[in-house]
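Subject: The structure, and what turned up in it

Hi there,

Here is the structure we talked about, with the sequence alongside.

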Amino acid sequence: KLTKEEFEEKAKSFTYDQIAKLVKDAYKSEIIVFTEYNNTSDSGYNALKGDYDTKEKLRAYLEKSFSTNFVDELLKSDDKFKFIEDKTYVKVIDVKTNSDFYNAFAIGKEITDDKLNVKIESTSNHDKITYKATLVYENDAWKVDSLSKLTPSGKTISGLILFNLV
């Protein structure tokens, strides 16, 4: 675990380009989880493919981009995944890739205790879209702990598919 000073130094040296890349890569990785399955079920859940087909493989994959806390909460969620006889099943959803998100760039960062809060902006159909992300430093790497989208009225909604399923 980093000292407060070490954390602050890491956060200050983490560039806006690096922040945008980290968050975009995390977003892409979650889309993969919800599109890499075999059509094997009529129950609304389908078996994930080989790289993610067990709970351990799925955890290892997600922890490359997301905090341990995020992954722990996600894997407890029965409305997204089911784990049956060491196989992982994902709830089938219509994944819409937020193409506006792929053009996003970081516009601000703020250090609070052991987290780095960042703002990311994008333009879609001439409208500005602002995202807020919380990043943590774990296992010698920055990880996404949360991501939300700000509506024009200032309301915050989840920006992550993994927290935004119905």
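Asp140 sits in the loop between strand 7 and strand 8. Its phi is positive, near 65 degrees, in a residue other than glycine.

Before going further, please keep in mind that this is a predicted model, in which local features need pLDDT of at least 70 and side-chain atom pairs count only at pLDDT 80 or more, while totals for chains, interfaces and linings use all residues. Residues are numbered from 1 along each chain as its sequence is written, and side-chain values use heavy atoms, with hydrogens and water left out.

A second residue of this kind is Asp86, which is not a glycine but has a positive phi of about 65 degrees. Asp86 lies in the loop between strand 3 (81-84) and strand 4, and is exposed at a relative accessible area of 53%.

Now the overall layout. The chain has 4 helices and 9 strands (helices are DSSP runs of H or I with at least four residues, strands are runs of E with at least two, and both are numbered from the N terminus). Starting at the N terminus, the order of elements is α-α-β-β-α-α-β-β-β-β-β-β-β. Of the 166 residues in the chain, 41% are buried. Taking contacts between residues at least 6 apart in sequence, 54% link residues at least 24 apart (a contact means heavy atoms within 4.5 Å).

Next, the core. The largest nonpolar core has 36 residues, and Phe81 and Leu135 touch the most other members. Helix 1 (4-13), helix 2 (16-33), helix 3 (55-62), helix 4 (68-75), strand 6 (115-124), strand 7 (127-138) and strand 8 (141-150) each contribute at least two residues to this core, and helix 2 gives the largest share, 7 residues. For reference, a nonpolar core is a set of buried Ala, Val, Leu, Ile, Met, Phe, Trp, Tyr and Cys residues joined through side-chain atoms within 4.5 Å. Not counting residues up to four places away in sequence, the partners of Leu135 include Phe14, Ile19, Leu22, Val23, Leu116, Val118, Trp142 and Val144.

How do the helices pack? Helix 2 and helix 3 meet at an angle of about 160 degrees, with their axes 10 Å apart (axes are lines fitted to C-alpha atoms, for helices over the stretch in contact, and angles run from 0 to 180 degrees between N-to-C directions). These two helices are therefore roughly antiparallel to each other, a label used for angles over 145 degrees. Ser29, Ile32 and Val33 of helix 2 make the contact with Leu58, Tyr61 and Leu62 of helix 3. By type, the residues of this contact are 5 nonpolar, 1 polar and no charged (Ala, Val, Leu, Ile, Met, Phe, Trp, Tyr, Cys and Pro count as nonpolar, Asp, Glu, Lys and Arg as charged, and the others, Gly among them, as polar).

The axes of helix 3 and helix 4 come within 10 Å and cross at roughly 145 degrees. Here Lys55, Leu58, Arg59 and Leu62 in helix 3 meet Val71, Asp72, Leu74 and Leu75 in helix 4. The residues of this contact divide into 5 nonpolar, no polar and 3 charged.

- Ile120, in strand 6, is buried, with a relative accessible area of 1%. Its C-alpha is 5.4 Å from that of Phe105, 15 residues apart in sequence. Beyond four places in sequence, Ile120 touches residues including Ile19, Val23, Phe105 and Ile129.
- Lys119, also in strand 6, is partly exposed at 39%. Among its contacts outside four places in sequence are Phe105, Ile107, Thr130 and Lys132.
- Val92, in the loop between strand 4 (87-91) and strand 5 (105-112), counts as partly exposed at 34% relative accessibility. Leaving aside neighbours within four places, Val92 is in contact with Tyr37, Gly44, Tyr45 and Asn46.

Key
Buried means under 20% relative accessible area, exposed over 50%, partly exposed in between (1.4 Å probe, protein chains only). Angles under 35 degrees count as roughly parallel, over 145 as roughly antiparallel, 65 to 115 as roughly perpendicular and the rest as oblique.
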